[in-house]
Amino acid sequence: MKLLCVDSELVYREIISLCAKNENVIVKAVDCYEDAIKSFIDFAPDIVTLDVIIKGGSGFDLVKKLKSLSGNRFVPMIFLTSHATDSVMDKCFKYGADDFIPKPFNEVLFNIRLKTHIRHVELMKEMYRKNKALTYYQTMIEREHDMAHNVLDHIQTRSEKNSEHVVITRLSAASFNGDLALVKTRPDGARLVFVGDFTGHGLPASIGALPVMHAFFDAVDDLLDVNQLASQLNRILFSILPDYMFCAGYLILMTPHGDITYWGGGMPHAFIRRANNKIDYLQSNHMPLGILPVDEFEADLQCNTLNNSDTLIIVSDGVLELKNCQDEMLGCDQVRTLISECYAEKSLVLAQEKIEKKLTDYRGESVQLDDITLVALRNACPQQ
Amino acid sequence: MVTITIVGSFDFSLFNDFREAYSEINNYKIYIIDMSMVEYLDSAALGMLLSMRNAINADSNIQLKGANSFIKNILMISRFDKRFEIQ
């Protein structure tokens with residue numbers, strides 16, 4: 001801790017120096033304006049004491065100058081003066097003083113005030129250090145989120161383009177949470193779909209996505225059965241993810257005739273909007289991928305059928321938990337109503353645009369907390 | 001028997017505190033996680049529960065107690081009844 005004492009009277013320079021040294025403070029004492037400025041720059045004190053009247057200038061100008069020289073650094077400036085009128089005191093604070101002690105002063109009082117200022121300086125330094133560390137980590141995390149976004153965006157480019165049979169909507173949240181949607185038509189004409197939701201945020205959430213993508217596209221080429229692919233994805237994620245991370249997901253295979261076989265773990269219901277506006281559900285009845293060891297994993301599948309003009313809609317929990325300005329969640333019932341309305345539209349692409357707009361309208365000005373993924377499929381069989 | 005009570009939002013911010021809560025006490029037969037004061041639970045919390053399941057003896061019982069219907073629904077969707085007793 002360093003103190004710069006600016007006083008034109010030798011006796012005060014000596015008293016102040018003595019008091020400060022007793023508090024283990026290193027002191028530099030000067031007697032004029034010019035030396036004060038010079039020492040402030042060279043000596044870089046943590047605390048300054050000064051008088052209103054100084055040789056070569058005014059204390060008001062000096063305090064103003066020193067405050068501007070300290071920039072972001074907090075350097076308390078304590079006036080010690082015999083001109084102890086209210087108007088002088090007021091002027092001192094207006095020009096930037098942090099404390100005011102009338103001369104002649106009581107040494108005990110001065111010591112107490114000095115200690116208080118030393119504590120403040122230490123607190124400010126500590127706060128500055130912590131703030132710097134936090135800013136550093138925040139920047140790092142933002143970079144990680146961007147990177148995770150890039151990794152996942154890159155993966156999705158291998159997925160099938162939107163058409164009248166498949167549309168994928170992904171609306172990314174500010175804090176990315178690892179939704180993944182992959183759709184690809186196999187050489188035999190059947191369509192393989194994976195919609196997954198990784199636990200966690202940022203880069204860790206995307207770590208599992210790369211091997212999942214590889215296994216998915218290999219399964220498309222090799223016509224691998226859905227139950228075998230489910231087991232394989234579970235084995236991969238079980239081995240690479242820590243025990244507190246997993247991936248909820250649906251794996252769905254749909255033949256050109258609309259026969260569906262699927263495996264689901266940890267996902268909300270998926271919807272089938274029948275042509276007559278009845279809603280049926282796909283249910284995920286397993287634990288998510290990456291939790292159970294190989295010998296406990298259950299790969300049994302369920303079935304359904306998608307007839308002409310039916311629509312299968314898979315949503316991530318980001319859709320169900322979407323909040324409006326009143327902080328109310330959209331919820332399953334309202335999602336069902338939206339689906340029922342929007343997918344009455346003949347064109348799947350237009351239907352998807354409708355529901356995207358409804359979701360955006362519902363959210364309004366509120367912040368989107370979660371990634372939103374919405375995949376819709378229709379039967380590839382030509383209309384009869 | 002030992003009870004761990006969670007209050008407010010059960011999410012990633014409790015990662016270290018939750019782990020600390022059970023890591024010192026690993027020789028009980030029954031662990032009760034009191035969730036009656038939990039307002040929200042995210043997938044990170046599910047991960048933390050799984051991590052606890054792995055950390056303590058396999059023959060010890062973990063009971064998830066007092067969850068509201070929203071949270072119970074999340075637990076059931078992920079079939080946590082396979083590893084925990086949901087009450």
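Analyst: We begin with a definition: two residues are in contact if their C-beta atoms, placed from the backbone, lie within 7 Å. The model here is predicted; local features need pLDDT of at least 70, side-chain atom pairs count only at pLDDT 80 or more, and totals for chains, interfaces and linings use all residues. Residues are numbered from 1 along each chain as its sequence is written, while chains are lettered from A and ligands numbered from 1 in the order in which they are written.

User: How many residues of chain A are in contact with chain B?

Analyst: On chain A, 14 residues are in contact with 12 residues of chain B. The chain A side comprises eight nonpolar, five polar and one charged residues (Ala, Val, Leu, Ile, Met, Phe, Trp, Tyr, Cys and Pro count as nonpolar; Asp, Glu, Lys and Arg as charged; the others, Gly among them, as polar).

User: How are the strands of a sheet held together?

Analyst: Strands pair through backbone hydrogen bonds, either parallel or antiparallel. Strands are DSSP runs of E, at least two residues, and helices are runs of H or I, at least four, numbered from the N terminus; two strands pair if DSSP finds at least two bridges between them. In chain A, five strands form an open, antiparallel sheet in the order β8-β17-β16-β13-β14. Its edge strands are β8 (166-171) and β14 (279-282) of chain A.

User: Which residue of β16(A) is the bridge partner of Arg273(A)?

Analyst: The partner is Thr311(A). Three bridges join β13 (residues 270-273) of chain A to β16 (residues 311-315) of chain A.
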